[in-house]
Amino acid sequence: MPEFGSDSSFPTEEPVCIGIDLGTTHSLVSVFRDGKPELISNAHGDKLTPSIVGVLQDGQIVVGSAARELRVTAPERCAWVFKRYMGQERKLKLGDKEFTPHELSSLVLQSLRDDAAAQLNTEITDAVITVPAYFNDHQRTATRLAGEMAGLNVRRMINEPTAAALVYGFHAREEEKNLCVIDLGGGTFDVTVMEVFEGTLEIRATAGESMLGGEDFTDRMVSAVLSGEDTQLELAELQQPLRVSRLRGECEKAKRLLSKEESCKIRLPDQDGNFAEKPKTYRLTRADFSRMCDPLMQRIAGPIARALRDAELDPKDIDDVILVGGSTRMPVLRDFVVDYFGKPPIIDHDPDEVVALGAAVQAALIGQDAAVDDMVMTDVCPFTLGVEVVKEFGGHMQDGYFKPVLHRNCTIPISREEVFSTVAANQTNVTLRVFQGDARKVADNTALGELEVKGLPPGPAGSPIYVRFTYDLSGVLEVEAYAPGGERFRTVLTNHVHQLSPAQIEEAKRRIDALKFYPRDDLDNQKLARFAERMLGELHPSQRQQLDEALDIYEDAMARSDREHFASAKDTLLMVLSSLGLDHEDH
Ligand code: ADP
Ligand code: MG
């Protein structure tokens with residue numbers, strides 16, 4: 001019996017709100033339908049979309065696995081791990097174009113939005129986007145802006161480990177437990193301690209590092225291989241970009257293999273980045289690799305201890321340890337969990353998928369879906385936030401001290417007011433400097449921005465100034481300050497993204513909108529061409545000719561839109577690849 005739109009029909013009045021896990025290495029998109037969260041596939045039929053943007057020779061933009069293929073042969077036209085730079089004022093060059101990290105993220109978001117629109121057969125306007133719990137105000141503001149630039153109304157930004165916990169809570173509502181979610185992805189590390197009881201999820205504490213992830217583990221391996229010949233990674237990257245990008249590809253494969261096998265061999269490209277017919281290899285055991293990663297594992301232990309301390313729990317009080325993020329597949333991490341908590345972790349859900357599924361559950365909570373009407377979730381502010389103050393020591397004033405307004409791990413949303421005072425009589429202006437961190441001196445904390453309070457009424461030194469910090473459910477901070485009877489001033493925290501004027505944002509949007517995406521329907525064919533090109537570079541010269549010719553004919557047919565011609569060129573290319581033992585789905 002025919003079914004008309006049974007898969008993709010939604011009530012028309014409420015816009016569909018998708019969930020997006022905007023990852024450092026992979027991104028996913030999800031939706032809540034028929035009472036449960038589900039993932040949406042991209043143009044290649046994959047659930048994971050590499051967070052890589054590439055510019056093709058003709059200027060068209062590709063996102064995802066086609067860009068990942070392109071990255072190997074043309075790294076200068078691709079950008080990746082740009083999530084690490086979110087909120088920073090830097091430009092990344094792709095060919096002759098320049099992008100900010102949030103512009104690149106907006107291109108990934110657009111591609112995910114298009115995948116959702118294609119599968120759900122409806123226009124997508126609304127999204128929940130996940131961010132690392134340890135993302136600060138600059139990074140969150142940049143993420144929201146990326147969403148807006150992609151034409152999305154960002155209904156909520158939610159912490160990644162919280163999203164993972166929502167999935168756990170969704171499936172095990174009646175449990176009463178203390179949980180610890182450890183999220184180690186490609187570029188970030190978060191740990192979150194929470195309590196679940198009767199459908200209520202209470203986040204107790206969060207800690208982490210926004211500059212530690214699987215990529216650092218890969219880098220250790222690349223460095224180890226290069227140090228065998230006394231070469232430094234940073235230097236080699238500058239001098240021999242193709243060699244390092246191929247070597248990194250081999251190390252990435254080796255790292256994954258070592259999650260299953262006890263040892264492996266890494267193929268070594270030569271100085272120019274080419275592989276010989278019988279390339280040299282470097283043998284690495286799992287134990288060696290684990291030892292290499294010792295310094296990184298020490299950085300993992302610190303935030304776990306801090307989160308437990310803030311939650312007033314001991315490792316033995318944790319009932320379940322939940323692992324999230326691709327890097328938690330590493331045995332070194334799993335062994336660490338067993339050592340630390342005295343029990344093996346729970347792996348009920350695919351660590352790659354659970355954050356995106358949680359974003360869809362959050363979307364259902366916002367949309368008040370009946371399937372989640374008995375669920376409640378509370379989250380926390382992961383940082384201590386405050387302002388710089390002056391202290392008096394025996395009549396002598398000393399500035400540079402930090403005074404907290406919101407303490408780390410307070411439940412959000414929260415709005416708190418503190419009273420400060422002027423230091424001089426008839427002081428008319430105060431520059432409020434806002435910081436994040438736990439150090440006594442502001443110099444040791446992270447500066448978030450400044451707020452200028454002007455036109456204070458005349459009065460003696462010590463006149464009050466009220467400062468209010470409001471931290472919303474998306475983790476965005478608003479600062480407000482006023483003197484009694486005076487004007488109220490609100491944050492214009494002076495970080496890069498906050499500093500963009502509405503006109504500048506409009507201008508950037510226009511520039512991004514004018515970019516041409518490579519057509520989604522053809523993306524799989526483009527990916528095949530880029531894969532063949534990458535393989536061409538990896539084959540020994542004596543094996544190249546046949547593939548070279550087949551690729552030329554395929555690309556030529558792709559450029560002309562002669563379907564019949566194209567189909568046969570594609571068949572030939574696939575045949576040649578398979579005769580060389582190269583499977584194009586095998587990454
Ligand atoms: P993100 O959310 O930051 O994009 P992911 O959760 O997708 O990150 O994890 C990506 C990281 O996981 C990469 O650094 C990748 O190398 C690593 N990874 C994926 N699979 C494995 C595996 N089997 N063994 C070790 N590391 C893995
Ligand atoms: Mg992730």
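Which residues lie nearest the centre of the second largest pocket? The views below take up this pocket, then the ligand, the domains and the cavities of a predicted model.

**View 1. The second largest pocket has a lining of 21 residues.** Glu-388, Val-389, Val-390, Ser-421 and Val-423 lie nearest the pocket centre. Strands 19 (385–393), 20 (396–406), 22 (414–421), 23 (430–436) and 25 (464–471) each give two or more residues to this lining. Strand 19 gives the most, with six residues. The space inside comes to about 460 Å³. By class, the lining has eleven nonpolar residues, six charged and four polar.

**View 2. Ligand 1 sits among 18 residues.** Nearest to the ligand come Thr-25, Gly-186, Glu-252, Lys-255 and Ser-259. Twelve residues of the shell are polar, five are charged and one is nonpolar. Helix 5 (214–227) and helix 7 (241–257) supply at least two shell residues each. Helix 7 gives the most, with three residues. Domain 1 (17–212 + 296–379) and domain 2 (214–295) each contribute at least three residues to the shell.

**View 3. Ligand 1 has oxygen contacts with Glu-252, Lys-255 and His-26.** In the side chain of Glu-252, an N or O atom is 2.5 Å from an oxygen atom of the ligand. For Lys-255, a polar side-chain atom lies 2.7 Å from a ligand oxygen. His-26 takes part through its backbone: a polar atom there is 2.9 Å from an oxygen atom of ligand 1. How much of the ligand does the protein bury? Ligand 1 exposes 580 Å² when taken alone, and the protein buries 92% of that area.

**View 4. The protein chain is assigned four domains: domain 1 (17–212 + 296–379), domain 2 (214–295), domain 3 (383–502) and domain 4 (523–580).** Domain 1 is written as two segments, 17–212 and 296–379. Between the centres of domain 2 and domain 3, taken over C-alpha atoms, the separation is 47 Å.

**View 5. The largest cavity has a volume of about 70 Å³.** A search of the whole structure finds four cavities of 30 Å³ or more. Which residues line the largest cavity? The lining is made up of Ala-164, Tyr-168, Ile-322, Leu-323, Ile-346, Ile-347, Asp-348, His-349 and Val-354. Seven lining residues are nonpolar, one is polar and one is charged.

**View 6. The second largest cavity has residues of domain 1 and domain 2 in its lining.** The volume of this cavity is about 40 Å³. Lys-255, Leu-258, Ser-259, Arg-286, Phe-289, Ser-290, Met-330, Pro-331 and Val-332 form the lining. Helix 8 (286–292) and helix 10 (331–341) give two or more residues each. The largest share, three residues, comes from helix 8. Five lining residues are nonpolar, two are polar and two are charged. Lys-255 and Ser-259 line this cavity, and both are also among the residues that come nearest to ligand 1.

Note on methods. Residues are numbered from 1 along each chain as its sequence is written. Chains are lettered from A and ligands numbered from 1 in the order in which they are written. This is a predicted model: local features need pLDDT of at least 70, side-chain atom pairs count only at pLDDT 80 or more; totals for chains, interfaces and linings use all residues. Side-chain values use heavy atoms; hydrogens and water are left out. On a 1 Å grid over the protein atoms alone, a cavity is a set of points where a 1.4 Å probe fits but cannot get out, and a pocket is an open set with protein on both sides within 12 Å along at least five of seven lines; lining residues have an atom within 4 Å of a point. Grid points are joined across faces, edges and corners, and a volume is the space filled by probe spheres set on the points. Helices (H or I, at least four residues) and strands (E, at least two) are DSSP runs, numbered from the N terminus. Ala, Val, Leu, Ile, Met, Phe, Trp, Tyr, Cys and Pro count as nonpolar, Asp, Glu, Lys and Arg as charged, and the others, Gly among them, as polar. A residue is near a molecule or strand if one of its heavy atoms lies within 4 Å of it. A polar contact is a pair of N or O atoms within 3.5 Å; within protein, one must be able to donate a hydrogen and the other to accept it, and residues adjacent in sequence count only if both atoms are side-chain atoms. Accessible areas come from the Shrake-Rupley method with a 1.4 Å probe; for residues, only the protein chains shown count as cover. Domain bounds come from an automatic or database domain assignment.
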